Amino acid sequence: MIEDLRTLVEVESPSRDLDALRASAKAVAAVIERRLGGQAVLVESEAGPHVHWSGGGDPTVLILGHHDTVFPLGTLARRPFTVADGRATGPGVFDMLGGLVQAIHGVAMAEDRSGVEILVTADEEVGSHSSRALIEERALACGAVLVGEGAADGALKTGRKGCGTFHVAITGRASHAGLEPAAGVNALIEAAHQVLDIAALGRPDVGTTVTPTVAAAGTLDNVVPAEAAVTVDVRVESAGEKERIEAAFAALAPHLDEAEIAVTGAVGRPPMPESAAAGLFAVAQQLLPGIEAVAVGGGSDGNFTAALGVPTLDGLGAVGGGAHADHEYVVIDAMAERAQLIAGLVNALQHPEGNETVRAP
């Protein structure tokens, strides 16, 4: 597993870099074919190639992951793949190449590979816009989903918040800031009003966070700004909050006369309710007594499959930490155990006799 992990990490795969993602997809396909046999098919998309492998037979379980990472080309030279002190480090090692390797080796250990599908997408880190339809199609066909995203301090992920990004564009009117400031419509002042209105939409008591994260305005220090823009991160735990937030953004109105605002965006990843993982987590507890589960704020492609009512268990990937950071790492001693957990879940899904909880919604 360590050598397969090295192979994948040493092919850099920043999101939206189509040439890099094509090379990465080929590397992922080669590892799958070497360990599992058969053919891993590259599914072309505008975001780069997705990788799909099937063990044949009637679909039973979809193992879901992604091969794109957040690190730009050249990160590997600065932070090469390294194994030391019980940890593997390198760009993308925890999010989520370690999980891919564990999943592949887990399927290799399963009693029967028929009915197993593996889908490794190229755009999870940037919203899964090109892969969502394929993810949903294969999840519905298989009827159960195991997501190889990294564990949360060793715990599986049984719930995730819905995630979205909104963009608020503000149009005012430029004028000379010294000679006739009143002749302008100050887009920056309007943006300040909007930021306060937007921040007030959060409801932490029900798990809803609304966080303005990026803002831009103005051109020169003596010009009343004619344009401004605000980007907002939104997280929700329920479908009702998703609808409330989207309606609230649509209803935003300007405070200044003649200012105009335009809002785009949505809560693109629906919430993943903990009920979607209940049956599969019960099986995981039987296979690995003492394993824990948590609900987290970050989203994954498991949000899409759980929202369809397909049993989905997340966080089955690497034990480690530092996702998206320079100190990203994987705990080597946990890799075999987690691969065996994948194998056990696959076996349970293929042979659910006597275990009524395995596909419980």
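Helices (H or I, at least four residues) and strands (E, at least two) are DSSP runs here, numbered from the N terminus. With that in hand, take Phe 166: it lies in strand E9, residues 162-171. I'll come back to it.

First, the ground rules. This is a predicted model, so local features need pLDDT of at least 70, side-chain atom pairs count only at pLDDT 80 or more, and totals for chains, interfaces and linings use all residues. Residues are numbered from 1 along each chain as its sequence is written, and side-chain values use heavy atoms, with hydrogens and water left out.

Now the overall picture. The protein chain has 10 helices and 16 strands. Its C-alpha trace spans about 80 × 45 × 35 Å along the principal axes.

Next, burial. Buried means under 20% relative accessible area, exposed over 50%, and partly exposed in between, with a 1.4 Å probe and protein chains only. Buried residues make up 52% of the 361 residues. The chain exposes about 15,000 Å², and carbon and sulfur atoms supply 53% of that area. Those areas come from the Shrake-Rupley method with a 1.4 Å probe; for residues, only the protein chains shown count as cover.

Contacts, meaning heavy atoms within 4.5 Å, come next. Of the contacts with a separation of 6 or more, 79% are between residues 24 or more positions apart.

On to the cores. A nonpolar core is a set of buried Ala, Val, Leu, Ile, Met, Phe, Trp, Tyr and Cys residues joined through side-chain atoms within 4.5 Å. In soluble globular proteins, nonpolar side chains tend to be buried together. Here the largest such core has 56 residues. Leu 5, Ile 32, Ile 63, Leu 146 and Leu 313 have the most contacts inside it. Several elements give two or more residues to this core, including helix H1 (2-9), helix H2 (18-36), strand E3 (61-66) and helix H10 (335-350). Which element gives the largest share? H4 does, with 9 residues.

Stay with Leu 313. Leaving aside neighbours within four places in sequence, its contacts include Val 145, Leu 146, Thr 158, Phe 281 and Leu 345. Apart from this core lies another, of 19 residues, among them Ile 170, Ile 245, Phe 249 and Ile 261.

Look at Thr 158 from its own side. Thr 158 is found in strand E8, residues 156-160. It is buried, with a relative accessible area of 5%. Beyond four places in sequence, Thr 158 touches Met 272, Pro 273, Glu 274, Ala 277, Phe 281, Ala 293, Val 294 and Leu 313.

Back to Phe 166, as promised. Buried or exposed? Phe 166 is buried, at 2% relative accessible area. Phe 166 and Val 210 are 44 residues apart in sequence, yet 9.9 Å apart in space, C-alpha to C-alpha.

Now a charged residue. Glu 190 lies in helix H6, residues 187-199. Its relative accessible area is 0%, so Glu 190 counts as buried. Leaving out neighbours within four places, Glu 190 is in contact with Ile 170, Ala 253, Pro 254, His 255, Leu 256, Ala 259 and Ile 261. Glu 190 and Asp 205 are 15 residues apart in sequence and 28 Å apart in space, C-alpha to C-alpha.

Last, some backbone geometry to check on screen. Where is the cis peptide bond? It runs from Asp 95 to Met 96, with omega near -10°. Met 96 is found in helix H4.

Then two positive phi values outside glycine. Glu 258 has phi near 75°. Glu 258 sits in the loop between helix H7 (239-250) and strand E12 (260-269). At 55% relative accessibility, Glu 258 counts as exposed. His 324 has phi near 70°. His 324 lies in the loop between strand E15 (320-321) and strand E16 (329-331). At 43% relative accessibility, His 324 counts as partly exposed.

That's the tour.
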